[in-house]
Amino acid sequence: MRQEKRSENVSVRSVSGKTESYVRETENGAGLGKDCAVLCAGPLTEERCGAGQGLCVGQEGNVPLAGSQKAGADQDIVVSKWIGLEGTARLASANGERLRQRFPARMIEEAAAFDRYLSIIPEAATAMKSGVCGIKAVSQGGIFAGLWEMAEEAGVGLEADLRKIPVRQETIEICEVFGENPYELSSGGCLIMTAEDGNALAAALMREGIPAVVIGRTTRGNDRVLYNEGRKQFLNKPRR
């Protein structure tokens with residue numbers, strides 16, 4: 001399935017201070033959460049997940065994270081860059097010949113180069129200076145596992161809009177070929193953050209050229225809920 005229409009990113013409409021690089025990425029297919037939610041509509045399934053370690057920035061560099069910082073109830077949930085970057089890069093790199101039979105070579109080359117986005121040092125450093133409360137790196141199990149684990153570790157619930165979760169068009173296309181769910185695809189390079197003012201945090205990130213968008217809020221209680229055009233779905237616990 002080819003989706004030629006490029007959706008406007010939610011954060012472009014709501015947050016000022018965009019950089020030229022962010023606008024260029026958006027025009028190239030960024031922030032297609034609406035299209036992805038339509039493609040992947042259906043019951044949420046449990047997925048094996050090896051993530052859940054929290055953000056370990058020390059593995060990439062020396063960006064200190066204060067131990068007292070933690071997600072809490074009634075905070076905005078912000079996601080940086082796009083989901084599925086790591087998994088998309090791997091699939092494109094390992095299956096270039098097969099994918100070129102279906103898509104332009106330029107698209108496959110772009111997808112294979114998504115590994116250039118995998119460092120989370122820049123957004124972690126900016127977030128620490130911009131009112132972040134909780135911060136978690138997304139990895140195996142994708143954004144579904146990351147959201148669940150963030151809420152579980154903080155002892156909160158959450159409500160998020162599936163159609164606001166940012167995803168690249170290349171990820172949508174490649175996942176369809178291999179029967180993968182973009183929301184469960186390995187998502188190294190993406191951070192989940194919580195803040196009292198998520199729009200301000202997203203704006204601070206975008207001033208540094210880092211795409212970011214508010215996708216929902218944490219809640220009191222234990223329910224972890226995703227909405228897709230008014231349909232309510234519960235997020236399942238990822239299996240170990």
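Colleague: Let's start with a ring: which residue lies over the face of Trp82?
Modeller: A charge sits over a ring if NZ of Lys or CZ of Arg is within 6 Å of the ring centre and within 35 degrees of the ring normal. Over the face of Trp82, at 5.0 Å from the ring centre, lies Arg168.

Colleague: Before we go on, from which pLDDT do side-chain atom pairs count?
Modeller: Residues are numbered from 1 along each chain as its sequence is written, and side-chain values use heavy atoms, leaving out hydrogens and water. This is a predicted model, where totals for chains, interfaces and linings use all residues, local features need pLDDT of at least 70, and side-chain atom pairs count only at pLDDT 80 or more.

Colleague: Okay, how many aromatic pairs are there?
Modeller: Rings of Phe, Tyr and Trp (its six-membered ring) pair if their centres lie within 6.5 Å; planes under 30 degrees apart are stacked, over 60 edge-to-face, and the rest tilted. By that rule, the number of aromatic pairs is 3.

Colleague: And why is the pair of Trp82 and Tyr117 called what it is?
Modeller: You look at how far apart the centres are and how the planes are angled. For Trp82 and Tyr117 the centres are 5.1 Å apart and the planes meet at 70°, so the pair is edge-to-face.

Colleague: How many residues apart in sequence are the parts that this pair ties together?
Modeller: Helices (H or I, at least four residues) and strands (E, at least two) are DSSP runs, numbered from the N terminus. Trp82 is in the loop between strand S1 (76–80) and helix H4 (85–94), while Tyr117 is in the loop between helix H6 (105–112) and helix H7 (121–128). So the parts tied together are, counted in residues along the sequence, apart by 35.

Colleague: Are Trp82 and Tyr117 buried or exposed?
Modeller: Buried means under 20% relative accessible area, exposed means over 50%, and partly exposed is in between (1.4 Å probe, protein chains only). Trp82 has 1% and Tyr117 has 12%. That makes Trp82 and Tyr117 buried.

Colleague: Which residue forms a tilted pair with Tyr117?
Modeller: Here the rings are 6.1 Å apart centre to centre, with 50° between the planes. Together with Trp82 and Tyr117 it makes a cluster linked by ring pairs. The partner is Phe114.

Colleague: Now the helices: how are H6 and H9 oriented to each other?
Modeller: Axes are lines fitted to C-alpha atoms, for helices over the stretch in contact, and angles run from 0 to 180 degrees between N-to-C directions. The axes of H6 and helix H9 (residues 169–178) come within 10 Å and cross at roughly 105°. Angles under 35 degrees are roughly parallel, over 145 roughly antiparallel, 65 to 115 roughly perpendicular and the rest oblique. So H6 and H9 are roughly perpendicular.

Colleague: Which residues of H9 do Met107, Glu110 and Ala111 in H6 meet?
Modeller: Contact means heavy atoms within 4.5 Å. By that test, Met107, Glu110 and Ala111 meet Glu170, Glu173 and Ile174.

Colleague: What covers the buried residues of H7?
Modeller: Those buried residues are Ile121, Glu123, Ala124, Thr126 and Ala127. Thr126, at 9% relative accessibility, touches Ala204, Leu205, Glu208 and Ile210, leaving aside neighbours within four places in sequence. The cover of H7 includes S1, strand S2 (132–137), strand S4 (191–195) and helix H10 (198–207).

Colleague: How far apart are the C-alpha atoms of Ser186 and Ile83?
Modeller: Ser186 is in the loop between H9 and S4 and is buried, at 8% relative accessibility. Its contacts, neighbours within four places aside, include Gly84, Leu85 and Arg90. Although Ser186 and Ile83 are 103 residues apart along the chain, their C-alpha atoms are separated by 8.0 Å.

Colleague: What is phi of Asp74, roughly?
Modeller: Most residues other than glycine have a negative phi. Asp74 is in the loop between helix H3 (33–39) and S1 and is partly exposed, at 33%. Asp74 is not a glycine, yet its phi is positive, at about 65°.

Colleague: Last one: what share of the protein chain counts as buried?
Modeller: The chain has 10 helices and 7 strands. Out of its 240 residues, the buried share is 55%.
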